[in-house]
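Let's take a walk through this structure together. Please have the sequence and the 3D view open as you read.

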Amino acid sequence: MLMRTDPFRELDRFAQQVLGTAARPAVMPMDAWREGEEFVVEFDLPGIEADSLDIDIERNVVTVRAERPGVDPNREMLASERPRGVFSRQLVLGENLDTDRIAASYDEGVLRLRVPVAEKAKPRKISVGRSESREAINA
């Protein structure tokens with residue numbers, strides 16, 4: 001049987017694993033939404049130990065770093081599709097969020113960040129006072 005080989009097929013497959021595709025990002029896919037007075041961001045990080053997570057905040061940029069250890073070199077791998085090593089993702093948050101009060105939790109492979117809306121960005125009412133000085137109009 002004659003088999004056709006494509007020298008770029010393996011390169012394409014490797015690039016998709018490392019870089020991902022639009023339909024399937026390779027590293028740290030996330031969801032983000034608003035819940036009342038805060039924004040919630042969730043990152044999928046299966047197989048990551050909580051100790052390897054690192055979250056840095058500088059001004060309005062949040063950087064999440066994680067590490068998935070390499071496989072045992074003595075193990076004969078039949079398939080190896082999950083990215084290994086250190087990887088990171090940055091989020092640029094709007095000025096209307098309070099980066100000083102970000103809360104993070106990690107449970108069952110999902111990192112959740114809760115970012116409250118800054119007090120200055122919350123809607124508020126301004127009361128309108130009445131002026132006591134009225135001028136009489138003489139006709």
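**Starting from one aspartate**

The side chain of aspartate 98 makes a polar contact with the side chain of arginine 101, at 2.9 Å. A polar contact here is a pair of N or O atoms within 3.5 Å; within protein, one must be able to donate a hydrogen and the other to accept it, and residues adjacent in sequence count only if both atoms are side-chain atoms. Before going on, please keep in mind that this is a predicted model, where local features need pLDDT of at least 70 and side-chain atom pairs count only at pLDDT 80 or more, while totals for chains, interfaces and linings use all residues. Residues are numbered from 1 along each chain as its sequence is written, and side-chain values use heavy atoms, with hydrogens and water left out.

Back to our aspartate. A polar atom of the side chain of aspartate 98 also lies 3.2 Å from the backbone nitrogen of aspartate 100. You will find aspartate 98 in the loop between strand 5 and strand 6 (103-107). Does aspartate 98 count as buried or exposed? Aspartate 98 counts as buried because its relative accessibility is 18%; the cut-offs are under 20% relative accessible area for buried, over 50% for exposed, and partly exposed in between (1.4 Å probe, protein chains only). Leaving aside neighbours within four places in sequence, aspartate 98 is in contact with Val115, Pro116, Val117 and Ala118, where contact means heavy atoms within 4.5 Å.

Isoleucine 102 lies in that loop between strand 5 and strand 6 as well. Beyond its neighbours within four places in sequence, isoleucine 102 is in contact with Ile57, Val62, Leu93, Leu113, Arg114, Val115 and Pro116. The C-alpha atoms of isoleucine 102 and valine 117 are separated by 9.9 Å, with the two residues 15 apart along the chain.

**The whole chain**

Now let's step back. The chain has 1 helix and 7 strands, and from the N terminus on its elements run α-β-β-β-β-β-β-β. Helices (H or I, at least four residues) and strands (E, at least two) are DSSP runs, numbered from the N terminus. Of the 139 residues, 23% count as buried. Among contacts between residues at least 6 apart in sequence, 49% join residues at least 24 apart.

Which order do the strands of the open sheet with 4 strands follow? The order is 1-2-7-6, and the pairing is antiparallel; two strands pair if DSSP finds at least two bridges between them. Strand 1 and strand 6 are the edge strands, each pairing on one side only. On average, neighbouring strands of this sheet are turned by 15° against each other, direction ignored. For such angles, axes are lines fitted to C-alpha atoms, for helices over the stretch in contact, and angles run from 0 to 180 degrees between N-to-C directions.

Strand 2 is joined to strand 7 by 7 bridges, and the two run antiparallel. Within strand 7, leucine 113 is the bridge partner of valine 41. Strand 6 and strand 7 are also antiparallel, with 5 bridges joining them; here arginine 112 of strand 7 is the bridge partner of serine 105. These two strands, strand 6 and strand 7, form a hairpin with 2 residues between them, and glutamate 108 in the turn has a positive phi of about 50°.

Tryptophan 33 has a relative accessible area of 28%, so it is partly exposed. The side chain of tryptophan 33 makes a polar contact with the side chain of glutamate 35 (3.0 Å). Apart from neighbours within four places in sequence, tryptophan 33 is in contact with Glu38, Phe39, Val40, Glu42 and Arg112.
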